[in-house]
Amino acid sequence: MARLSVCIALKDKADALLAESIPRSCIQAVGGKTLFLKVNEMTKEELAAMLDGREIGDEITKEEAETASENGLVVVFGYSDDSMEFRGAIDEEVSCFDGGIAYLKNGHFLANKCDDERCPYFNALLQTAVTIEAVWHDTGSPCWTYKTDIPYVEFKIMEDGEEYCRGIVFSRHDVGSKGTRHA
């Protein structure tokens, strides 16, 4: 994992405003008006390698999710028999008993704001969405796998020495709409 460190001296209000836009997790006071900025750069490959082999319930720490978010990375894994978990740049839980599909467009979840499941406006949006399908396997292992056209790297979540889930890590910047990539 690459680490970049920069020292910033606050001289005026403009510098102070710049410092306010920096995530607090990246700042350490070094004395006086000087800040030490730490930026952790991480790729999806590095994050997947770090998560690989963890036990269910210990998939990702809060700090790792924050670092993933700062780097535009999203971690997807199954939890229990009915949940697709998203951590990092997207922090959501999708109900998916026996499997299910999450719909994303331009790096965000699509939500039906109509009261009608057959809403023609929402259904038109779904046709342009990128999907992540959670596949539940009743027998054998792993219990959870994922299918998507988004470029991703896999990692394994274990339960009592057996592979429970084959999770994925992807970059939010790779999620556009069908046929496009988000810039």
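User: Hi! What should I know about the model before we start?

Analyst: It is predicted, so local features need pLDDT of at least 70 and side-chain atom pairs count only at pLDDT 80 or more, while totals for chains, interfaces and linings use all residues. Residues are numbered from 1 along each chain as its sequence is written, and side-chain values use heavy atoms, with hydrogens and water left out.

User: Thanks. How many salt bridges are there?

Analyst: The search of the whole structure finds 6 salt bridges. A salt bridge here is a side-chain nitrogen of Lys or Arg within 4 Å of a carboxyl oxygen of Asp or Glu. In general, side chains of opposite charge can pair when their charged atoms come close.

User: Which residue does Lys 44 pair with?

Analyst: Lys 44 pairs with Asp 174, at 3.7 Å from N to O. Helices (H or I, at least four residues) and strands (E, at least two) are DSSP runs, numbered from the N terminus.

User: Are those two buried or exposed?

Analyst: Both Lys 44 and Asp 174 are buried. Buried means under 20% relative accessible area, exposed means over 50%, and partly exposed is in between (1.4 Å probe, protein chains only).

User: And what does Glu 64 bridge to?

Analyst: Glu 64 forms a salt bridge with Arg 54, and their closest N and O atoms are 2.6 Å apart. This pair links distant parts of the chain, with Glu 64 in helix H3 (residues 62–70) and Arg 54 in strand S4 (residues 54–55), 10 residues apart. Glu 64 and Arg 54 are both buried.

User: Where does Arg 166 come in?

Analyst: Its side chain meets that of Glu 163 in a salt bridge, 2.9 Å from N to O. Arg 166 counts as partly exposed at 27% relative accessibility, whereas Glu 163 is buried at 16%.

User: Switching topic: how many aromatic pairs does the structure hold?

Analyst: There are 2 aromatic pairs. Rings of Phe, Tyr and Trp (its six-membered ring) pair if their centres lie within 6.5 Å; planes under 30 degrees apart count as stacked, over 60 as edge-to-face and the rest as tilted. One of the pairs is Phe 86 with Phe 109, which is edge-to-face at 4.8 Å centre to centre and 80 degrees between the planes. Phe 86 lies in strand S6 (residues 83–88) and Phe 109 in strand S9 (residues 108–109), 23 residues apart. Phe 86 is buried at 0% relative accessibility, and Phe 109 is partly exposed at 25%.

User: What about Trp 136 and Trp 144?

Analyst: Trp 136 and Trp 144 also form an edge-to-face pair, at 4.9 Å centre to centre with 65 degrees between the planes. Trp 136 is partly exposed, with a relative accessible area of 21%, while Trp 144 counts as buried at 0%.

User: Which residues touch the most other members of the largest nonpolar core?

Analyst: That core has 36 residues, and Val 76, Met 84, Phe 86, Ile 132 and Tyr 146 touch the most other members. Another core lies apart from it, with 5 residues, among them Leu 110 and Cys 119. A nonpolar core is a set of buried Ala, Val, Leu, Ile, Met, Phe, Trp, Tyr and Cys residues joined through side-chain atoms within 4.5 Å.

User: Which cysteines form a disulfide?

Analyst: Cys 114 is joined to Cys 119, with S to S at 2.4 Å. The count comes to 1 disulfide, a disulfide being a pair of cysteine sulfur atoms within 2.5 Å. Cys 114 is partly exposed at 34% relative accessibility, and Cys 119 is buried at 4%. Cys 96 is in no disulfide, and its nearest cysteine sulfur, that of Cys 165, is 9.9 Å away.

User: Last one: which residues of H3 are buried?

Analyst: In H3, Glu 64, Ala 65, Thr 67 and Ala 68 are buried. Seen down the axis of H3, its buried residues fall within an arc of 160 degrees, so they line one face of the helix. The arc is that of the directions from the helix axis to the C-beta atoms. Lys 62 and Glu 63 are exposed on the other side of H3.
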